[in-house]
Amino acid sequence: MSHTLKVGMLGGTFDPVHLGHLRSAVEVREALGLDWLHMIPAPQPPLRDTPQVPPEQRLELLKKGIADTPGIIADGRELRREGPSYSVDTLAELRTEYGEDVPLAMIIGFDAFLRLTKWRKADDIFTLAHLVVIARPGYQTPWPLALKELVGNREVDSVAALMRRPCGSMLSLTLPSMMAISATYVRERLKSGESVRYLLPEAVEQSILQQGFYQTHE
């Protein structure tokens with residue numbers, strides 16, 4: 001019996017990567033039954049402020065955070081590109097690498113989903129991948145009309161329905177842990193010299209403190 005690979009892409013600034021990011025990655029991989037989940041740091045996200053730490057260092061912190069976690073890859077491909085990072089280009093690369101028949105899912109948070117119509121070539125995302133939106137419990141914001149039109153009738157209600165095709169559907173997913181850690185909060189604590197123990201993997205915390213990232217004297 002041949003097994004069809006299932007692949008996911010989880011992009012972000014990871015500025016810095018914290019246990020909320022990593023726990024979400026593990027839970028998404030389990031929920032979707034993914035063989036591989038690519039965690040991809042963005043050098044300069046088009047719709048966000050410039051990250052505080054250079055992309056190469058954020059990738060190194062991500063590698064330290066993931067360590068030997070099965071099925072999760074710290075993927076630095078966007079660092080090799082010039083200019084802003086566009087998810088549609090990254091999905092196109094992954095699609096070329098894995099082939100046309102492999103289910104490929106792009107995972108984003110609900111906040112990012114609400115801005116999806118502002119993304120470059122948003123229509124093309126569904127021709128390359130599925131969209132999996134991580135819901136925020138108790139966070140009910142109506143979808144803008146343009147977003148409703150973009151999603152259309154693509155929404156499905158189960159992982160099984162999502163994985164029947166390589167691309168083109170959307171699934172909302174609520175993760176069990178939903179750890180309320182934000183990178184902003186971590187950066188603020190580091191800047192003021194407060195403890196970030198148990199917010200970050202130990203190896204990431206040690207590296208940040210050794211290198212002076214996010215701290216006042218930087």
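## Strand 2 and its surroundings in a predicted model

Strand 2, which covers residues 36–41, is largely enclosed by the rest of the structure, because five of its six residues are buried. The chain crosses from strand 1 through helix 1 (residues 19–32) to strand 2, and the handedness of this β-α-β crossover is right-handed. This description rests on a predicted model, and the features below should be read with that in mind.

The pairing of strand 2 can be followed to two other strands. With strand 1 (residues 7–12), strand 2 pairs in the parallel sense over six bridges, and within this pairing Met9 stands opposite His38 in strand 2. Strand 2 is also joined to strand 3 (residues 72–74) by three bridges, and these two strands run parallel; here Leu37 stands opposite Ile72 in strand 3.

Helix 1, the helical part of the crossover from strand 1 to strand 2, has a length that can be checked against expectation. Its 14 residues should span 20 Å at 1.5 Å a residue, and the C-alpha atoms at its ends are 20 Å apart, so the two values agree. The buried residues of helix 1 are Gly20, Leu22, Ala25, Glu27, Val28 and Leu32. In an α-helix there are 3.6 residues a turn, so residues three or four places apart point the same way. Just after helix 1, Gly33 takes a positive phi of about 65°.

Several backbone features fall in loops. Most residues other than glycine have a negative phi, and most peptide bonds are trans. Against that background, the loop between strand 1 and helix 1 contains Phe14 as well as Pro16. The peptide bond from Asp15 to Pro16 is cis, with omega near 0°, while the phi of Phe14 is near 45°, a positive value in a residue other than glycine. Ala67, placed in the loop between helix 2 (55–66) and strand 3, likewise has a positive phi, of about 50°, although it is not a glycine.

| Residue | Relative accessible area | Class |
|---|---|---|
| Phe14 | 3% | buried |
| Ala67 | 56% | exposed |
| Pro176 | 71% | exposed |

Because buried means under 20% relative accessible area and exposed means over 50%, Phe14 at 3% counts as buried, whereas Ala67 at 56% is exposed, as is Pro176 at 71%. Pro176 is placed in the loop between strand 6 and helix 8 (183–191), and its C-alpha atom is separated by 24 Å from that of Leu116, with the two residues 60 residues apart along the chain.

Strand 6 also takes part in a pocket. The second largest pocket has a volume of about 160 Å³, and of the twelve residues that line it, the closest to its centre are Phe110, Ala135, Tyr139, Gln140 and Ser172. Helix 4 (110–114) and strand 6 (170–173) each supply at least two residues of this lining. By class, the lining of the second largest pocket comprises eight nonpolar, three polar and one charged residues.

Key:
Residues numbered from 1 in each chain as written. Predicted model: local features only at pLDDT ≥ 70, side-chain atom pairs only at ≥ 80, totals over all residues. Heavy atoms only, no water. Buried < 20%, exposed > 50% of the residue type's maximum accessible area, 1.4 Å probe, protein only. Helix = DSSP H or I, 4+ residues; strand = E, 2+ residues; numbered from the N terminus. Pairing = 2+ DSSP bridges. Right-handed = clockwise from strand over helix to strand, strands pointing away. 1 Å grid on protein atoms, 1.4 Å probe; cavity = no way out; pocket = protein on both sides within 12 Å on 5 of 7 lines; lining within 4 Å. Points joined across faces, edges and corners; volume = space filled by probe spheres on them. Nonpolar A, V, L, I, M, F, W, Y, C, P; charged D, E, K, R; others polar. Expected span 1.5 Å × (residues − 1).
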